[in-house]
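Here is a short report on one protein chain.

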Amino acid sequence: MIDDHTANLVDTIKQIDDIPVISAKLALKDSKIDGLRAFADGFVKEGVGAGGASIAAMLKVGIDAKHLLELSEAEYQKAISQSRI
């Protein structure tokens, strides 16, 4: 949302109060999965849920965006393989 010029998140937050805004540069453009790359390509518009969850996970576990992507792709593969059973 920070790079989305149509969202204007920072100015919206400034209207409320002086609240810090944290963003994460996720590695979704490097994904092997089309659906995840669609986020990076701008085809999927996301609010702050996925970004907030990603930041929380990276801070809690101490991983970077590349490692988070690897874990996300592994979970995706598990979910897809279970749905085919």
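Phenylalanine 43 sits in the loop between α2 (34–40) and α3 (49–61). Helices are DSSP runs of H or I, at least four residues long, and strands are runs of E, at least two, both numbered from the N terminus. Phenylalanine 43 counts as exposed at 69% relative accessibility. Exposed means over 50% relative accessible area, buried under 20%, and partly exposed in between, with a 1.4 Å probe and protein chains only.

Phe39, Phe43 and Val44 make a nonpolar surface patch of about 300 Å². Such a patch takes residues with over 30% relative accessible area and no salt bridge, and joins nonpolar side chains (Val, Leu, Ile, Met, Phe, Trp, Tyr) within 5 Å.

## Basis of the model

The model is predicted: local features need pLDDT of at least 70, side-chain atom pairs count only at pLDDT 80 or more, and totals for chains, interfaces and linings use all residues. Numbering runs from 1 along each chain as its sequence is written, and side-chain values use heavy atoms, without hydrogens or water.

## Fold and core

The chain has 4 helices and 0 strands. Of its 85 residues, 19% are buried.

The largest nonpolar core has 9 residues: Ala27, Leu28, Ile33, Leu36, Met58, Ile63, Ala65, Leu68 and Leu69. Helix α4 gives the most to this core, with 3 residues. A nonpolar core is a set of buried Ala, Val, Leu, Ile, Met, Phe, Trp, Tyr and Cys residues joined through side-chain atoms within 4.5 Å. Leaving aside residues up to four places away in sequence, alanine 65 touches Lys25, Leu26, Ala27 and Met58. Contact here means heavy atoms within 4.5 Å.

## Glutamate 73 and lysine 32

Glutamate 73 lies in helix α4 (residues 65–83). Glutamate 73 is buried, at 10% relative accessible area. Glutamate 73 forms a salt bridge with lysine 32, with the closest N and O atoms 4.0 Å apart. The pair links distant parts of the chain, 41 residues apart: lysine 32 is in the loop between α1 (9–16) and α2. Lysine 32 is exposed, at 72%. A salt bridge needs a side-chain nitrogen of Lys or Arg within 4 Å of a carboxyl oxygen of Asp or Glu.

The backbone nitrogen of lysine 32 also lies 2.7 Å from a polar side-chain atom of glutamate 73.

## Pairs within helices

By this rule there are 4 salt bridges. One of them joins aspartate 34 and arginine 37 at 2.2 Å, N to O. These two are 3 residues apart in helix α2, so about one helical turn separates them. Aspartate 34 is exposed at 56%, whereas arginine 37 is partly exposed at 25%.

Lysine 78 and glutamate 75 also pair, at 3.0 Å.

Definitions and conventions. Polar contact = N/O pair within 3.5 Å; in protein donor to acceptor, adjacent residues only side chain to side chain. Patch = residues over 30% accessible without salt bridge, like charges linked within 9 Å, V, L, I, M, F, W, Y side chains within 5 Å. Areas by Shrake-Rupley, 256 points an atom, 1.4 Å probe, with all protein chains shown as cover.
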